[in-house]
Amino acid sequence: MTPPVVILGGGGFIGANLARRLVAEGRRVVVVDQAFEPWREVPGAYRLLRDLRRPDHVASVMWPGALVFHLAADMGGVGYFHSDADWPASMNNARITLNVAQAAGECDVARLVYASSACACATEAAGDPLDEAMLHWGTPDARYGQEKRHGAHLFTSAPYDARVAILHTVYGPLQEHEGVRMKFPAAVATKALAARQTGRLEVWGDGTQTRSYLYVDDAVGRLIALADADENPGPIMVGAEGAVSCNEIAALCLDILDARHAEIVHVDGPVGVNARDCDLSRWREVFGEPHQTSYREGFGRFIDWLDSLGVGERAA
C-alpha cells in the first residue's frame with residue numbers, strides 16, 4: 001500500500017484546509033493533532049490524537065516512504081506572542097520540531113515539508129519585502145521567530161529531503177476566530193461583522209502598520225507544489241506580495257459588509273513590527289507566477305464563512 005500523507009498539526013487552520021484538498025485529490029491522508037475542532041472536520045482523513053511534544057507519540061505517526069507536512073505549532077497572533085505565552089509556546093515548538101526532525105530521519109520518510117514563518121526573518125528589514133536571505137541576518141520577531149528560524153536551518157541541513165516554506169500571514173475559512181490566539185485577519189473580520197450593530201471597529205495601534213495576507217487556498221496550493229517538486233529549492237517564501245495597512249483592511253471589511261457607517265477606532269495594543277511584505281522572486285524562478293487571490297475576494301469569502309457561524313452576533 002502507498003504510504004499516506006501525514007499532516008502534523010492537521011487539526012489546525014492550515015492543516016485542515018490542506019487535508020481537505022489532498023483528500024479531494026484522492027490521496028490517503030492522516031491528520032495528527034492533540035485536539036480536533038468539530039468545525040474543522042475533514043471527511044475522508046484518518047485522525048490520530050497525539051502530543052507531539054512526546055518523542056514516542058511522534059515516532060508512532062511516521063511511516064517509511066511517507067510525505068510529511070510539519071505544520072504543528074503552538075501559535076497565535078501578535079497579542080499572543082507579545083505576552084507571557086511567548087516563552088512556553090516557543091518551548092513547545094522547539095520540542096515538537098526536534099522530535100519531528102529526529103523521527104523523520106529514523107523512520108526514513110520520503111519527504112518532509114516544514115512550515116517556518118516570516119517571523120524568523122530580520123525585523124530590521126525596515127519594510128523591505130522579505131526574501132530568503134533574511135533568514136541569515138538580523139533579529140527574528142520574538143522567541144517564536146527565533147524558534148522558527150532554528151527550525152528552518154535545522155531542516156535545511158537535514159540528511160533527508162526536507163523542504164522549508166517560510167509562511168507569511170495566512171487567512172481564510174477554518175481559521176481561529178475567538179480567544180487570544182486570533183490573528184489580525186480573523187479579528188478584523190469578526191469586528192467588522194459586529195460593527196453592523198455596534199457601529200465601531202477597534203484596531204490596535206494607529207492602524208498604519210502594514211502586512212501582506214495570503215488566502216488559505218493559495219497557501220495550500222503552494223505547499224503542495226513545494227512538496228511535489230522534483231528538486232528541493234531550499235527555503236522559500238510562501239506569502240502574498242503587496243502589503244496593506246491594518247486601516248485599509250478594516251475599511252475593506254466594512255465595505256464588503258456595506259457597513260461603511262461604522263467608525264474605525266484606534267486603541268492601545270501590541271502591533272508587532274511596523275511593516276512586513278513578501279518578495280516572491282525566488283518562487284517565480286522555481287515555480288512561475290503564483291496565483292494570488294485578491295484581498296476583496298479573499299476577505300469576502302472569509303467574512304461569508306464567519307457570518308455563517310454567527311460570529312458577528314456573538315462579538316457584538
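How many bridges join strand 5 (residues 111-117) to strand 6 (residues 162-167)? Select both strands: six bridges join them, and they run parallel. Click Tyr114 next, and look across to strand 6 for its bridge partner, Val164.

A word before we go on. This is a predicted model, in which local features need pLDDT of at least 70 and side-chain atom pairs count only at pLDDT 80 or more, while totals for chains, interfaces and linings use all residues. Residues are numbered from 1 along each chain as its sequence is written, and side-chain values use heavy atoms, leaving out hydrogens and water. Helices (H or I, at least four residues) and strands (E, at least two) are DSSP runs, numbered from the N terminus.

Now show the open sheet of seven strands, ordered 3-2-1-4-5-6-11 with parallel pairing; two strands pair if DSSP finds at least two bridges between them. At its edges are strand 3 (46-49) and strand 11 (236-238), each pairing on one side only. From one strand to the next, the twist averages 25 degrees.

**Helices on the sheet**

Angles run from 0 to 180 degrees between N-to-C directions, and axes are lines fitted to C-alpha atoms, for helices over the stretch in contact. Helix 5 lies across strand 4, strand 5 and strand 6, at about 155 degrees to strand 5.

**Two helices side by side**

Select helix 4 (residues 86-106) with helix 5 (residues 142-156): their axes come within 8 Å and cross at roughly 10 degrees. That makes helix 4 roughly parallel to helix 5 (angles under 35 degrees count as roughly parallel). Residues making the contact (heavy atoms within 4.5 Å) include Trp87 and Leu98 of helix 4 and Tyr144 and Phe155 of helix 5.

Ala142 is partly exposed, at 23% relative accessibility (buried means under 20% relative accessible area, exposed over 50%, partly exposed in between, with a 1.4 Å probe and protein chains only).

Leu174, in the loop between strand 7 (170-171) and helix 6 (184-198), also has a positive phi, about 80 degrees. Leu174 is buried, at 2%.

Finish at Gln209, in the loop between strand 8 (200-204) and strand 9 (210-211). Gln209 is buried, with a relative accessible area of 7%, and its side chain reaches the backbone nitrogen of Gly207 at 3.2 Å.

Conventions:
Parallel < 35°, antiparallel > 145°, perpendicular 65-115°, else oblique. Polar contact = N/O pair within 3.5 Å; in protein donor to acceptor, adjacent residues only side chain to side chain.
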